[in-house]
Amino acid sequence: MPAAQIDLYEVLGVPRDADSAAIKKAYRKLAVEFHPDRNKSPGAEEKFKEVTEAFAVLSDPEKRRAYDSGGMAGLGGFSAEDLYAGADWGDVDGLGGLGGSLFGSLFGGRQSRGAEFEQTQPVMVELQVPLERIMHGGIEQVRVPVRGTCSACNGTGAKAGSQPKKCSACDGQGRQVTAQTRGNAAVQQISICSQCRGSGQVIEDPCPTCQGAGQSTETQTVTVAIVPGIADGTVIRLELPGGLKREARVVIRSQRHPQLERRGHDLWTEHSIDVTDAVLGKKLNVRTLDGECTLSVPERTKPGAVLRLRGQGLPIPGTTDRGHLYVAVQVRMPGELSPEVRALYEQIRSLQATAQQTPDQPQPV
């Protein structure tokens, strides 16, 4: 348990009259913040143990009454196992997706090293899908890394032919109990065994395949159905093959395209034209996901103008509509001018100057 001078209510940040719901809410918030799977800062693991131990007492009515009446000394009659038994763990073991069993990872659960990894939370993977597949739909495959029991050591973490040994420091309990007498009160302090780190076992000859972890990573190939127009960032849940219920969550990402950029259900592209084409207008062949499409560039198109091809974007799921294809027009300046081309530009400039100097003709009434 936390040191005698620490108030368990202060550890969780709740008042002494807090109900069970407030205690559980406070614990979940702190446990998520300091869980060693998420928080790698120094002291986070010890803080996590501290708030968990405080919750083990305050969430159990009998232990809470004993603590309220006698402080830490009031818990002297509870054994190391009793301190965690009977607590209202409810849905907090696993902490809503942080992985692993609370007891298996920190408090000396009796499962094997590999077993706790068989109960891992969903595997998150990202799948880059070509725009052509998003356009028409179809099947994609993704490789998913799955952590499970090491087949070489069957999850023991020990080399084949050997077995883990019971930790002599904690007698296989995974916890160390220190008893102190303060006046007439007997105080027990429980901590994770530093020798075996709560597993209750010591591996003298680690498995060379998993380096003593009791787990290994295998890659499974799963099939993902792509709906036409599927939104970027969509998460697809898939049950992985195997005896245990393991889940993969596949995040859909649009693969980078050499000419087209996805923006929602619209597509964007750029097209360069010469100055003369910008002035006089032109018909362009623009690549779409359905092939080439003709785009009319109007006369006097300004650099940076955006033209739209209606219905040439991606399908909108649940409808028969499609997004649009937007073409940003870039005006390409001419390179080195030949004498003939320069003469023509000079002629154009002269004509424009003359037109600007000519007064407007009166309009007929």
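What covers the buried residues of helix 4 includes helix 1, helix 2 and helix 3, where helices (H or I, at least four residues) and strands (E, at least two) are DSSP runs numbered from the N terminus, and where buried means under 20% relative accessible area, exposed over 50% and partly exposed in between, with a 1.4 Å probe and protein chains only. The model is predicted, and for that reason local features need pLDDT of at least 70 and side-chain atom pairs count only at pLDDT 80 or more, while totals for chains, interfaces and linings use all residues. Residues are numbered from 1 along each chain as its sequence is written, and side-chain values use heavy atoms, with hydrogens and water left out.

## Helix 4 and its surroundings

The buried residues in helix 4 are Lys63, Arg64, Ala66 and Tyr67. Seen down the helix axis, the buried residues of helix 4 fall within an arc of 160°, so they line one face of the helix; the arc is that of the directions from the helix axis to the C-beta atoms. On the face of helix 4 turned away from its buried side one finds the exposed residues Pro61, Glu62, Arg65 and Ser69.

Helix 4 is followed by Gly71, whose phi is positive, near 65°. Gly71 is found in the loop between helix 4 and helix 5 (102-106), and Gly71 is partly exposed, with a relative accessible area of 23%. Although Gly71 and Asp7 are 64 residues apart along the chain, their C-alpha atoms are separated by 8.5 Å.

## Aromatic rings

The structure holds three aromatic pairs, a pair being rings of Phe, Tyr and Trp (its six-membered ring) whose centres lie within 6.5 Å, with planes under 30 degrees apart counted as stacked, over 60 as edge-to-face and the rest as tilted. Two of the pairs are set out below.

| Pair | Arrangement | Centre to centre | Between the planes |
|---|---|---|---|
| Tyr9 and Tyr67 | tilted | 6.2 Å | 45° |
| Tyr27 and Phe55 | stacked | 4.5 Å | 15° |

Tyr9 lies in helix 1 (residues 8-12) and Tyr67 in helix 4 (residues 61-70), so their pair ties together parts that are 58 residues apart in sequence. Tyr27 belongs to helix 2 (residues 20-34) and Phe55 to helix 3 (residues 44-58), so this pair ties together parts that are 28 residues apart in sequence. Tyr9 and Tyr67 are both buried, and Tyr27 and Phe55 are buried as well.

Elsewhere, Arg263 lies over the face of Trp268, at 4.2 Å from the ring centre; a charge sits over a ring if NZ of Lys or CZ of Arg is within 6 Å of the ring centre and within 35 degrees of the ring normal.

## Nonpolar cores

A nonpolar core is a set of buried Ala, Val, Leu, Ile, Met, Phe, Trp, Tyr and Cys residues joined through side-chain atoms within 4.5 Å. The largest such core has 35 residues, and those with the most contacts inside it are Leu127, Val142, Val144, Val224, Val250 and Ile252. The largest share of this core, four residues, comes from strand 1 (residues 123-129). A second, separate core of 20 residues includes Leu12, Phe34, Phe48 and Ala54.

Contact means heavy atoms within 4.5 Å. Leaving aside neighbours within four places in sequence, Val142 is in contact with a set of residues including Val125, Leu127, Gln220, Val224 and Val250. Gln220 has its place in strand 7 (residues 215-226) and counts as buried, at 15% relative accessibility. Not counting residues up to four places away in sequence, the residues that Gln220 touches include Val142, Arg143, Leu240 and Arg246.

## Two loop residues

Arg300 has a positive phi of about 55° although it is not a glycine. Most residues other than glycine have a negative phi. Arg300 is placed in the loop between strand 13 (291-297) and strand 14 (306-309), where Arg300 is exposed, with a relative accessible area of 72%. Gln312 is in the loop between strand 14 and strand 15 (325-332), yet at 18% relative accessibility Gln312 counts as buried.

## The protein as a whole

The secondary structure of the protein comes to nine helices and 15 strands, and of its 365 residues 39% count as buried.
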